[in-house]
Number of protein chains: 2
Amino acid sequence: MSDWFEGLDTTLGMVWSQIEAAGTRAPARFAVFASVGRDAGAEARMVVLRGSDRQRAEVCFYTDLLSCKVGDLAQNPAATLLLWLPELEFQIRLRVRAQVQSGAQVAHLWPDIPPASRRAYGGTPPPGTPIDAPADHDPTIDPARLAVVVCGIDQIDTVCLTGPRHHRALFLRADGFGGQWLAP
Amino acid sequence: MSDWFEGLDTTLGMVWSQIEAAGTRAPARFAVFASVGRDAGAEARMVVLRGSDRQRAEVCFYTDLLSCKVGDLAQNPAATLLLWLPELEFQIRLRVRAQVQSGAQVAHLWPDIPPASRRAYGGTPPPGTPIDAPADHDPTIDPARLAVVVCGIDQIDTVCLTGPRHHRALFLRADGFGGQWLAP
């Protein structure tokens with residue numbers, strides 16, 4: 001009986017089971033979203049995965065419509081979502097095309113956002129504006145500031161460090177995510 | 001008595017105490033390194049911090065000289081190192097200029113690399129090459145494949161989510177890392 005990381009299909013199954021568990025308290029709920037900033041350098045920040053669709057090969061997270069990354073993505077949507085699962089010693093890199101949705105397109109999602117999470121959307125002045133002191137920020141919540149970043153997955157690059165040999169695999173949308181081993 | 005995240009100098013102190021603890025088993029030992037790939041999209045992967053120098057405002061990690069990111073950095077050295085400290089609900093973003101060192105410049109570091117970590121350097125074919133099966137990769141270690149990525153910090157952007165109010169601060173090399181509050 002082989003371990004899951006020894007098969008391409010079982011590796012891809014582990015990727016999706018981790019992503020799909022992200023709605024719960026699984027470690028995979030927290031991911032890093034890397035994008036290219038307006039100065040052409042790489043930016044990265046933590047995000048919380050909010051949903052996924054294996055058929056469409058999409059995952060999504062929420063952000064403030066006025067956050068810097070929304071502007072960045074309008075210029076360059078080629079981004080990476082990185083998940084690291086320490087118990088499995090498993091790294092999942094999703095190379096994605098990110099598309100930002102807002103306004104009427106996403107307003108139906110607001111009622112399901114827990115009250116404690118709503119303060120992530122809103123506030124004056126907008127995120128990243130210099131202020132004299134933390135108290136100079138008015139944190140008033142604004143539902144119109146909810147934005148959903150839908151990430152269409154083009155490639156899944158996995159590395160598993162468990163076991164005597166490292167396993168690395170690449171799955172491409174272009175070939176139906178059939179999978180290919182790579183040198184680790 | 002205020003909490004550390006309520007002061008700019010205490011926030012910067014926490015950043016460096018976390019980075020400097022990275023040689024131990026602190027959570028900050030694992031960081032995400034985001035860079036711009038050759039297709040101009042953002043890439044990200046886990047790295048292990050190996051050293052730091054607060055006076056020079058530098059941190060470093062090791063990688064395989066033939067890894068994809070080494071080639072990427074030659075084209076675009078503007079990268080981000082992201083540390084997330086879940087217990088503190090503290091995100092540290094280091095915007096860096098990355099410079100790759102190898103060969104005689106770094107050979108003196110090899111004896112201090114634990115044997116179990118050495119298999120990260122070497123192997124045939126090089127990282128990312130398609131192979132038919134994991135067993136087709138020869139993992140022979142090669143000390144000449146050690147590369148050190150020295151990251152000179154230009155900006156430190158912190159967000160602390162602890163407490164009733166989120167705190168965000170920016171520290172710039174250009175002004176001696178004096179610090180400035182930002183809207184979170």
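Is Trp4(B) buried, exposed or partly exposed, and how many other C-beta atoms lie within 10 Å? Before I answer, please keep in mind that this is a predicted model, in which local features need pLDDT of at least 70 and side-chain atom pairs count only at pLDDT 80 or more, while totals for chains, interfaces and linings use all residues. Residues are numbered from 1 along each chain as its sequence is written, and chains are lettered from A, with ligands numbered from 1, in the order in which they are written.

Trp4(B) is partly exposed, because it has 17 other C-beta atoms within 10 Å; a residue is called buried at 20 or more such atoms, exposed at 12 or fewer, and partly exposed in between, with C-beta atoms placed from the backbone. Trp4(B) sits in the segment before helix H1 (8–20) of chain B, where helices (H or I, at least four residues) and strands (E, at least two) are DSSP runs numbered from the N terminus. Leaving aside residues up to four places away in sequence, Trp4(B) touches Thr10(B), Thr11(B) and Met14(B), contact being C-beta atoms, placed from the backbone, within 7 Å.

Let me turn to helix H1 in chain A. H1(A), residues 8–20, has 13 residues and spans 18 Å from its first C-alpha to its last, close to the 18 Å expected at 1.5 Å a residue, that expectation being 1.5 Å times one less than the number of residues. Thr11(A), Val15(A), Gln18(A) and Ile19(A) are buried in H1(A), and they lie on the same side of the helix because they cover an arc of only 100° around the axis, taken from the directions from the helix axis to the C-beta atoms. The face turned away from that buried side carries the exposed residues Asp9(A) and Gly13(A).

Now to how the two chains meet. The contact takes 41 residues from chain B and 41 residues from chain A, and on the side of chain B that touches chain A there are 23 nonpolar, 11 polar and seven charged residues; Ala, Val, Leu, Ile, Met, Phe, Trp, Tyr, Cys and Pro count as nonpolar, Asp, Glu, Lys and Arg as charged, and the others, Gly among them, as polar. Since 100% of the interface residues of chain B are also interface residues in chain A, the copies meet through the same surface. Strand S7 (residues 130–131) of chain A is joined to S11(B) by two bridges, and these strands run antiparallel, with Leu182(B) as the bridge partner of Pro130(A); strands pair if DSSP finds at least two bridges between them.

Definitions and conventions
Two residues are in contact if their C-beta atoms, placed from the backbone, lie within 7 Å.
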